[in-house]
Amino acid sequence: MLENKNQWLGQIYNKKNIQDCISKIKERYGQQFSESKSIREQHSHTMTIHESELPDGVLFASNKNDVSEAVKICNEFGCPIIPFGVGSSFEGHVNAPFGGLSIDLNNMNEILNVYQDDLLVTVQPGVTREQLNTHLRDTGLFFPIDPGANASIGGMSSTRASGTNAVKYGTMKDNVISIEAVMPNGEIIKTSNKAKKSSAGYDLTRLLVGSEGTLGIITEITLKLYGIPEVIAGGRVSFSSIKDAADTVITTIQSGIPIARIELLDAMQVKACNLYSKLSLPEEPLLLLEFHGSKKSVEEQTELFGEIAKDFGGKNYEWTSNNEERNKLWKARHDAYWAARSYMPGTEMYSTDVCVPISKLSDCIVETVKDLEENDLVGPIASHAGDGNFHVAVMLDLNNKNEVSKLGPFLDRLSERAIKMDGTCTGEHGIGQGKRKYMYNELGNSVDVMEAIKKSFDPNLIMNPGKLFI
Amino acid sequence: MSVLEKELEISDFNFEFNKKDAVTELTKEFGQQFSISKSVREQHTDTTTIHPSKLPDGVVFAENEIDVKKTVEICQKFKCPIIPFGVGSSLEGHVNALYGGISIDLNNMNKILYVSPEDGYAVVQPGVTREQLNIYLRDTGLFFPIDPGANASLGGMTSTNASGTNAVRYGTMKDNVISLKCVMPNGEIIKTSNRAKKSSAGYDLTRLIVGSEGTLGIITEITIKLYGIPEVIAGGRVTFPSIKDATEAVIMVIQAGIPVARIELLDQEQVKACNNYSKLNLPEEPLLLLEFHGSESSVKEQSEFFSVIVSDFGGNNFEWTSNNDERNKLWKARHDAYYATKSCKPDLEYIATDVCVPISRLSECIEKTQNDLTKYNLFGHIVGHVGDGNFHVQLMVDPKNENEIKNLNKFLDDLSKRAILLDGTCTGEHGIGQGKKQYLVEELGGSVDFMKNIKKALDPFNIMNPGKIF
């Protein structure tokens, strides 16, 4: 079915029209535009095993009028547009399967306004989360969403990113208050004003969040901010089984402990971390915790958690509210990505994610570990356990064709498993190119509704084609 | 009538509805489950606003999803309007049958289908009311927090993106709906998402349907988040010399990260009315009412911290208690606010409206609104969900007094425009319905065209609750 769709799409975009469009963009934007191969390569790097598919040119937009004019020109010629942030997405979102124009938004990196009293900030899409938090340092406020990479806020909005502390602070959908976007006809819209809540009309804010650049290009984002917690404590505890760890997480959440992070590493990931970070943790499932609050409340949380963990056989529980020691406790998690990467020298890492109702998390992880073993694949697992979300970092020797050929079927089984357990084929990475084929399996005829919306916004299908379901 | 004609004229959907044949076929299909009796039709129209009531041509009492699907298919076949009906407690004329058609009553779809304590969600039919759900949950230690005041149906609350007093802590319906099943205008049944806590798979149809006021489809099943009942619930009360002092205290409380569960403001006139009605002797000054949720020590800490902050802003007579009976006494003014206002003018009609602004603009908005009440010689009290920047004006008006109605309309017009000018919204939780259509355009401009695109793409014949939102 997907092949038919790709073929059908291939016929929509006319090479000559795209070339004409690119010439017009070049003429209009001069130095802000580039056709150099190396720049085009940088803008289609997928971080995955998807092959790079280069755009025909890259526009470095300086402001929303640049974006709007370029979109109008592309719409006139039926030329694909691919918005580009820092390129850290995992499912080939920035690839250009039908060529076209990549619009690089990194120069739109201004923090426009901090509304201290309202706990809001308005930023341009090229602002990165670290840049934002550095800027906020003196205000006592912070923006919590942390997908690991120093991603751009525009990209994070577009993929509905989240990360380790979503269990407390939610995902991008919960933290974007309003969006300004250039729509496929070049019109600039604002999805909402800045009140904390609204019942006025359809929720276009949350329609654009997670739409992966297929409905419009985000040019301004208003985000929620939070007060930096008085005390941040970290903790660590080992378990003999994934199930015991997952049951601890479930009970912790049920008892209303407002835990800020609760991360699970499987035995293999712990082993990788021991090697990489020179630790000597028991090679068993490990939970890493973070507690935010006042001194008293953090103390209470850590104690209550300790009791719960003990009930499920938790071992070597440690916690601290000292910053340095906390970083030590968390070292395994901080280095997990690099530990996984270096675990099997000579291999490339392919990162994927699924998310299931938390009651199914241990089953899903255990079955996935078994699947990896049965197929001779190496894939450490790190989980945002409080959300039922986990990542598998499959390590592949790209010279070993047999091994590489196992990846696709493994990913198919993983997605299918998550979907069967009433979960999703992606909790935070997005669909991009890589997971298009699972959309119908997961959401059935809802995809037709999405398609109807897409066509009503973007009748010429210029916005990031070949992604999501189009 | 002239208003209706004007609406038809400006409607983008220009064709004839065929209601007669739909009624004939529904009678055949549904027998006893379908009624055209005048008294039944009168129960299924708007009764809570000053808009003239418009009756539907018939009422279907749906027992299950198949009934809904059949009704939609018949209405689709004859291009007959269809208006979903819960308990009819909405405040902007959502259930008024502006163009006649079929009201579909969902009250018999009132089963609680499934509760998953581990995952913290419940699956319910749309006719389940929030009180019914919380009574059902009592033994599980869980509760559903969203509380709009009325014992509304969860289908209706979803459709209007309802919230209420504890949104400051638990969010609005959009934050608490995990997944929906819906009969779409073409009769197809869709599921908007699986039940993982988070997902990055495709457009967020869940939040598109939440708040869509029955204009995109009819909700037949809702999965909602549940929370653990707090160990301790404490209540508090404090008065302030001015609205400004009260809102500044609230801003500071939120910035300090006190996880207050409710924080309600009553203006001086409202306090006066409550003193009379509930035989209290509160100082006739702006009043804040608080609720703190948590463990015993955390609640104590919150209350103490709160008391320090409010005294900095001139708060007087701060009292708090974690005893249930005493808490109800402290909160009596809020619980009785609606009746207190009504009892002031028992012969007049009660009208409620709401707006929401960034919290930094709240005192300005309330003070100007108070001045307007005087200017237009209207009798009204203000109650605010101040933590969200949201407030209600409860007005008592004489619908037969033309001059007063004229003033009321001017007042409402000024109020919505003021909120929008302050970067807020013309409705924080009631919805657009029939009453606020013009302000939606004023608030969101070109965005409304994209909402209309969605509407036309999903409901080309405009049969779903026509004349609402747009």
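Let's start with contacts in chain B: among those between residues at least 6 apart in sequence, 72% join residues at least 24 apart. Two residues are in contact here if their C-beta atoms, placed from the backbone, lie within 7 Å. Please keep in mind that this is a predicted model, where local features need pLDDT of at least 70, side-chain atom pairs count only at pLDDT 80 or more, and totals for chains, interfaces and linings use all residues. Residues are numbered from 1 along each chain as its sequence is written, while chains are lettered from A and ligands numbered from 1 in the order in which they are written.

Staying with chain B, what radius of gyration would a compact globule with 470 residues have? It would be near 23 Å, and chain B has 23 Å, which agrees. That radius is taken over C-alpha atoms, and the globule rule is 2.2 Å times the number of residues to the power 0.38. Along the principal axes, the C-alpha atoms of chain B fill a box of roughly 65 × 55 × 40 Å. Of its 470 residues, 59% count as buried. Buried means that 20 or more other C-beta atoms lie within 10 Å of the residue's own; with 12 or fewer the residue is exposed, and in between it is partly exposed, with C-beta atoms placed from the backbone.

Chain B has 19 helices and 18 strands. These are DSSP runs, numbered from the N terminus: helices are H or I with at least four residues, strands are E with at least two. An automatic or database domain assignment supplies the domain bounds, giving domain 1 (17–107) and domain 2 (232–337) in chain B. Taken over C-alpha atoms, the centres of these two domains are 43 Å apart.

Now please find helix H10 of chain B, residues 243–255. The expected span of a helix is 1.5 Å times one less than its number of residues; for the 13 residues of H10(B) that gives 18 Å, and the end C-alpha atoms are 18 Å apart, which agrees. Is H10(B) mostly covered or mostly exposed? Mostly covered: 11 of its 13 residues are buried, including Ile243(B), Val250(B) and Ile254(B). Those buried residues pack against E13, E14, H12 and H16 of chain B, together with strand E11 (226–227) of chain A. After the helix comes Gly257(B), with a positive phi near 80°.

Over to chain A, which has an open sheet of 4 strands in the order E1-E2-E4-E3, with mixed pairing. Its edge strands are E1 (33–34) and E3 (81–84), each pairing on one side only. Strands pair if DSSP finds at least two bridges between them. E1(A) and E2(A) run antiparallel, joined by 2 bridges, and Phe33(A) has Leu59(A) as its bridge partner. Helix H2(A) packs on this sheet, touching E1, E2 and E4 of chain A, and its direction makes about 30° with that of E2(A). Such angles run from 0 to 180 degrees between N-to-C directions, with axes fitted to C-alpha atoms, for helices over the stretch in contact. Helix H4(A) also packs on the sheet, at about 170° to E4(A).

Between the strands lie 4 residues, and Leu119(A) takes a positive phi near 55°.

Last, where the chains meet, the contact takes 80 residues from chain A and 78 residues from chain B. H19(A) gives the most to chain A's side, with 9 residues.
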